[in-house]
Amino acid sequence: SSGINAEWPLRPGGLGDYMSSDSEIKFAKTELAREEWEYDNYQQGEEAEMIDIFKARGMTQEDAEIVIRTTAKYKDVFCNEMMIHELGLTPPDDDDSPVKNGLVTFIAFIICGVVPLLVYMFVDVHSKSGDTNFYISIGMTAAALFLLGAMKSLASYISWWRSGLSIMILGCIAAASAYGISALAEFAVESHKTGTLRICDLNSTGSLVSNTN
């Protein structure tokens, strides 16, 4: 029951992140355990593999042997290096928490997801076309996406305006795609309803004609 209680606040936005993080961490721990077993049972072979990897990256035989022989004295360090250089995986961290990752994603999902609705919650704007609120919502959403991208640049070497612009464009494309699909689905449903009604009208008309005759 504790697992269920821990997961319920992650839905719906953070559940996917929780599940993917949990799978990645479990996979990394499994691979680390395998590397530790190979270290305990086949250390010389593992050292030879690492020497070959470092040689392939430009080290001389002598330097590669010095680095690997020294690293191999420390089991945890050596196994972590095997994870990185042989398997291309990040060693698992004891502080990794799928629940934390999912919760952060869930909170971000709620905060960003409420932005398009703010205009309908707090602003009363009317126009003859009735589309003003919708356009304001689009503008606020685009601004929020740009801000999110700009904040993302703090953790990268990309300029804030380029990061903001890329996230805004990708978000707008995703939103436009979702809107287009929903509009297409609505059109298909309405067309089906209209066609069904026409068939019913034709059947009713035919029954009336046959009854009259």
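Helices (H or I, at least four residues) are DSSP runs, numbered from the N terminus. This is a predicted model, in which local features need pLDDT of at least 70, side-chain atom pairs count only at pLDDT 80 or more, and totals for chains, interfaces and linings use all residues. Residues are numbered from 1 along each chain as its sequence is written, and side-chain values use heavy atoms, with hydrogens and water left out.

Start with helix α2, residues 15-41. Helix α2 gives the most to the lining of the second largest pocket: five residues. A pocket is an open set of points on a 1 Å grid over the protein atoms alone, where a 1.4 Å probe fits, with protein on both sides within 12 Å along at least five of seven lines; lining residues have an atom within 4 Å of a point. The second largest pocket holds about 160 Å³ of space, a volume being the space filled by probe spheres set on the points. Its lining includes Ser21, Glu24, Leu89, Pro92 and Asp96. Six lining residues are nonpolar, three polar and two charged. Here Ala, Val, Leu, Ile, Met, Phe, Trp, Tyr, Cys and Pro count as nonpolar, Asp, Glu, Lys and Arg as charged, and the others, Gly among them, as polar.

Next come two helix pairs. Helix α3 (residues 43-56) packs on helix α4 (residues 61-71) at about 135°, with axes 9 Å apart. Axes are lines fitted to C-alpha atoms over the stretch in contact, and angles run from 0 to 180 degrees between N-to-C directions. The two are therefore oblique to each other; angles under 35 degrees count as roughly parallel, over 145 as roughly antiparallel, 65 to 115 as roughly perpendicular and the rest as oblique. Contact means heavy atoms within 4.5 Å. Among the residues in contact are Glu47 and Lys55 of α3 and Glu65 and Arg69 of α4. That contact divides into six nonpolar, one polar and four charged residues.

Helix α6 (residues 98-122) and helix α7 (residues 132-152) pack at about 150°, their axes 8 Å apart. That makes α6 roughly antiparallel to α7. Their contact includes Cys112, Pro116 and Tyr120 of α6, and Phe134, Ser137 and Leu148 of α7. It has eleven nonpolar residues, three polar and no charged.

Pro116, Phe134 and Ser137 lead on to the largest pocket, being among its lining residues. About 230 Å³ of space lies there. α7 supplies the largest share of the lining, six residues. α7 and α8 (160-212) each supply at least two. The lining has nine nonpolar residues, three polar and no charged.
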